[in-house]
Amino acid sequence: MTLSQAFHPAVADFLNSDKDLLIGDEWRPAADGRTFATVNPATETDLVRVAQAGAEDVERAVRAARAAFEDGSAWSRTTPRQRARLLWRAAELIERDAEILAQLESLDNGKLVSAARDGDVATAAELFRYFAGWATKIEGTTIPMSTERPHHAYTRREPVGVVAAIVPWNFPLLMACFKIIPALTAGNTVVLKPAEQTPLTALWLGSLLLEAGFPPGVVNVLPGYGDTGAALVAHRGVDKVAFTGSTEVGKRIVAVAAGNLKKVSLELGGKAPNIIFADADLDRAVAGSALAGFFNEGQCCVNGSRLYVERPVYDEVVKSLSEAARKIRLGSNFDDADMGPLVSAEQHEKVLGYVRGGLAAGASAAAGSGDRARPVGYYVEPTVLTGVLEQMPVQREEIFGPVVTAVPFDSEEQVVAMANDTRYGLAAGVWTRDLARGHRVAGRLRAGTVWVNTWHADDVTLPRGGYKESGWGRELGSFGLDDFTELKTVIADIG
């Protein structure tokens with residue numbers, strides 16, 4: 001069976017013609033006619049050409065989102081209960097099209113269809129359902145005032161306005177949902193800019209939201225490159241930017257957003273420390289550390305890429321983790337495998353460059369290498385590096401690939417200091433049978449999420465975000481709504 005023969009008929013049909021921008025309720029080519037190709041990372045072949053949004057398209061999309069938001073529009077008149085029903089309907093449509101979305105995600109991003117279906121798509125549907133419940137529960141408070149003349153004071157949570165959602169390529173559908181869903185729950189409108197490497201599921205999601213009954217202009221989808229995102233960030237008609245991506249781009253967004261002091265929330269880079277104490281259940285710790293390091297082809301900002309192991313068990317852990325890495329089966333799209341390719345030629349070369357640089361600086365590969373894993377496709381072998389020094393780039397910079405560095409430590413004080421010696425603070429992990437130590441170390445680690453005797457355990461109810469240069473704000477859970485609202489105080493004289 002050829003790759004195209006495995007396609008769902010709707011996927012084959014979708015890839016049969018150029019893809020347009022979604023502005024309002026219309027699918028339009030870019031105003032200047034530009035397009036770009038999106039590539040299957042497993043085969044290095046073009047999938048389809050996609051319209052490339054420019055400044056004029058951004059202007060049109062922001063106008064459509066603003067018109068949909070303003071007082072008197074169909075969207076502004078929807079009740080919380082109506083918004084909840086629309087969100088629930090979107091979840092049903094995602095589940096209906098789960099196989100289509102999973103195949104598009106795999107073809108565009110490189111992850112296996114099974115991983116996309118069981119992880120990304122299933123979680124996206126659950127996010128719509130979870131936030132549907134919050135639509136009717138965005139509440140204010142009454143606050144007593146200490147004034148001689150009686151007043152009635154209360155607060156309201158109101159939508160911010162037009163939200164620019166700029167999302168990365170590692171979880172394209174899921175990251176779009178992280179931004180779109182809480183924004184819609186609170187009553188905002190959205191202009192979504194997917195990563196240029198992975199626009200396809202964003203476009204399919206746009207069509208599903210129209211089918212669900214969201215009014216025109218509530219969600220707009222503009223594929224494009226960095227200039228598209230920059231135009232959105234600079235646009236004075238945008239009230240908030242919600243961004244997930246690199247710390248460097250996040251800093252540029254903050255600088256440009258100052259133009260009209262628009263609200264900004266950022267989930268940025270990570271270099272998570274993963275600490276194994278000698279008393280840990282080592283079988284469990286090694287399996288968890290393999291998941292921590294190699295999940296999603298290593299392209300996950302909360303992956304545990306810095307492994308610290310207490311010296312008495314260091315050699316045993318490195319040996320076991322390296323064996324686990326070598327057993328990971330590489331494959332493409334529909335294969336029965338464990339790991340797909342990286343997302344792009346650029347990312348492939350970047351990751352291999354870090355490995356080669358580490359080896360040249362004196363590190364050793366206990367598993368993997370700095371060589372291309374397959375002649376075709378952007379594959380990288382799961383890699384474990386030893387002999388790494390704390391000042392090496394491979395240890396300090398976010399690699400965003402299946403590369404784990406393993407370093408021994410001798411005391412709790414030492415490892416906490418090493419773990420926190422980073423500009424990032426997105427995630428961390430601790431493995432120990434000593435429950436008191438687990439919670440004590442978790443409290444000392446400067447990270448937005450700390451796992452104890454697990455990794456990647458998660459739920460849509462939990463907030464996520466980072467300390468230091470890993471970002472501003474939190475996503476998901478009830479906390480995830482706050483950044484998409486304005487808090488208003490109303491004071492009435494009732495004397």
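**Phe128**

I started at Phe128 in this predicted model and listed its contacts, skipping neighbours within four places in sequence. I got Leu87, Ala90, Ala91, Ile94, Cys177, Ile181, Leu205 and Leu209.

**Cores**

Next I looked up the largest nonpolar core, which has 107 residues. Phe128 turns up again here: together with Leu15 and Phe214, Phe128 has the most contacts inside this core.

**Sheet**

I then traced an open sheet of seven strands with mixed pairing, and wrote the order down as E13-E14-E15-E12-E11-E16-E17. Strand E13 (364-367) and strand E17 (449-452) are the edge strands, each pairing on one side only.

I zoomed in on strand E12 (residues 306-310) and strand E15 (residues 403-409), which run parallel and are joined by five bridges. For Val309 I looked up the bridge partner in E15, and got Pro408.

**Helices on the sheet**

Helix H14 (residues 412-420) packs on the sheet and touches strand E11 (273-276), E12 and E15. I have its direction at about 175 degrees to that of E12. Last, I looked at helix H15 (residues 435-444), which lies across E11, strand E16 (427-431) and E17. Helix H15 runs at about 165 degrees to E17.

Terms used:
Residues are numbered from 1 along each chain as its sequence is written. This is a predicted model: local features need pLDDT of at least 70, side-chain atom pairs count only at pLDDT 80 or more; totals for chains, interfaces and linings use all residues. Side-chain values use heavy atoms; hydrogens and water are left out. Two strands pair if DSSP finds at least two bridges between them. Helices (H or I, at least four residues) and strands (E, at least two) are DSSP runs, numbered from the N terminus. Contact means heavy atoms within 4.5 Å. Axes are lines fitted to C-alpha atoms, for helices over the stretch in contact, and angles run from 0 to 180 degrees between N-to-C directions. A nonpolar core is a set of buried Ala, Val, Leu, Ile, Met, Phe, Trp, Tyr and Cys residues joined through side-chain atoms within 4.5 Å. Buried means under 20% relative accessible area, exposed over 50%, partly exposed in between (1.4 Å probe, protein chains only).
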